[in-house]
Amino acid sequence: MTTVLAYGDSNTYGYNPSDGFRYPKDVRWTGRLQKLLGPDYVVVEEGCNGRTTVFDDPVEGWKNGLGYLRPCLNSHKPVDIVIMMLGSNDMKETFHASPEDIARGAETLVKDIIDFTGEKQGFVPKIILVSPPHIGDGIRYSPFYGNFLENAIDRSKQLAVNYKKVADENGCIFVDAAEHVDASRLDSLHLGEEGHAKLAEVFSEIILG
């Protein structure tokens, strides 16, 4: 059995921009990926709304992705593949993070995966580092406006080049989600059903070769 750990934020959790609830399992990209991969794989869903790479939210500090990473890896070991898609929440105005800062946060997580799994399970999983979808141009009209301002749009478009550098330097497979999917026009942040379906196809093609 091959274990695939999907570690991410609300777009891994499956946040539905139309009602604020969660998409059903057969709609979420993680659930769709499970179906595409088949019974020889198990996809572990570890998406959390608001999760950052390494930044402590001033109200919900427990959403720091670094703090939960090692317990998560240890709980699900042996982990064969990690798909990590984080960085959108790092663009909140409260963090004042540049694209380079966010990529450094992602790299901290990548290095932690490498170091921890090498020690605890004796091998390093294949890491698929995903640069998240761009913040939509309509963010001003989003219910999340205020947390995210217009400057997040341009910063989100600069993440891919920085994430690719991290991936190349740390032996990861790189995926630019923005090449395949767009944020929903409903809130300029979260994926619609079509986006979830497309991401599942992209990741299944990489995993199955």
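A salt bridge here is a side-chain nitrogen of Lys or Arg within 4 Å of a carboxyl oxygen of Asp or Glu. I took E201 and K198 as my opening case: they form a salt bridge, with the closest N and O atoms 4.0 Å apart.

**Ground rules.** I am working on a predicted model, where local features need pLDDT of at least 70, side-chain atom pairs count only at pLDDT 80 or more, and totals for chains, interfaces and linings use all residues. Residues are numbered from 1 along each chain as its sequence is written, and side-chain values use heavy atoms, with hydrogens and water left out.

I looked up where E201 and K198 lie. Both are in helix 7 (residues 193–208), three residues apart, so about one helical turn separates them. Helices (H or I, at least four residues) and strands (E, at least two) are DSSP runs, numbered from the N terminus. I then checked accessibility. Buried means under 20% relative accessible area, exposed over 50%, and partly exposed in between (1.4 Å probe, protein chains only). E201 is partly exposed at 38%. K198 is partly exposed too, at 33%.

How many salt bridges does the whole structure hold? The search finds nine. D101 is partly exposed at 27%. R104 is partly exposed at 47%.

Next I turned to E150 and R140, whose side chains meet in a salt bridge at 2.8 Å, N to O. E150 and R140 each lie in the loop between strand 4 and helix 5, ten residues apart. E150 is partly exposed at 31%, and R140 is partly exposed at 46%. I also logged a network of salt bridges that links K25, R28 and E45.

I went to D9, in the loop between strand 1 (2–8) and helix 1. The D9 side chain does reach the backbone nitrogen of N11, at 3.1 Å. I listed contacts of D9 (heavy atoms within 4.5 Å). Leaving aside neighbours within four places in sequence, they include G47, C48, R51, M85 and N89.

**Rings.** R51 came up again: R51 lies over the face of Y7, 4.4 Å from the ring centre. The rule asks for NZ of Lys or CZ of Arg within 6 Å of the ring centre and within 35 degrees of the ring normal. R22 lies over the face of Y13 in this way, at 4.2 Å from the ring centre.

Last, I looked at ring pairs. Rings of Phe, Tyr and Trp (its six-membered ring) pair if their centres lie within 6.5 Å; planes under 30 degrees apart count as stacked, over 60 as edge-to-face and the rest as tilted. The count comes to four aromatic pairs. One of them is Y15 with F144, edge-to-face, 6.0 Å centre to centre and 70° between the planes. This pair links distant parts of the chain, 129 residues apart. Y15 sits in the loop between helix 1 (10–13) and helix 2 (29–37), and F144 in the loop between strand 4 (126–131) and helix 5 (151–157). Y15 counts as buried at 16%, whereas F144 counts as partly exposed at 22%.

Note on methods:
Polar contact = N/O pair within 3.5 Å; in protein donor to acceptor, adjacent residues only side chain to side chain.
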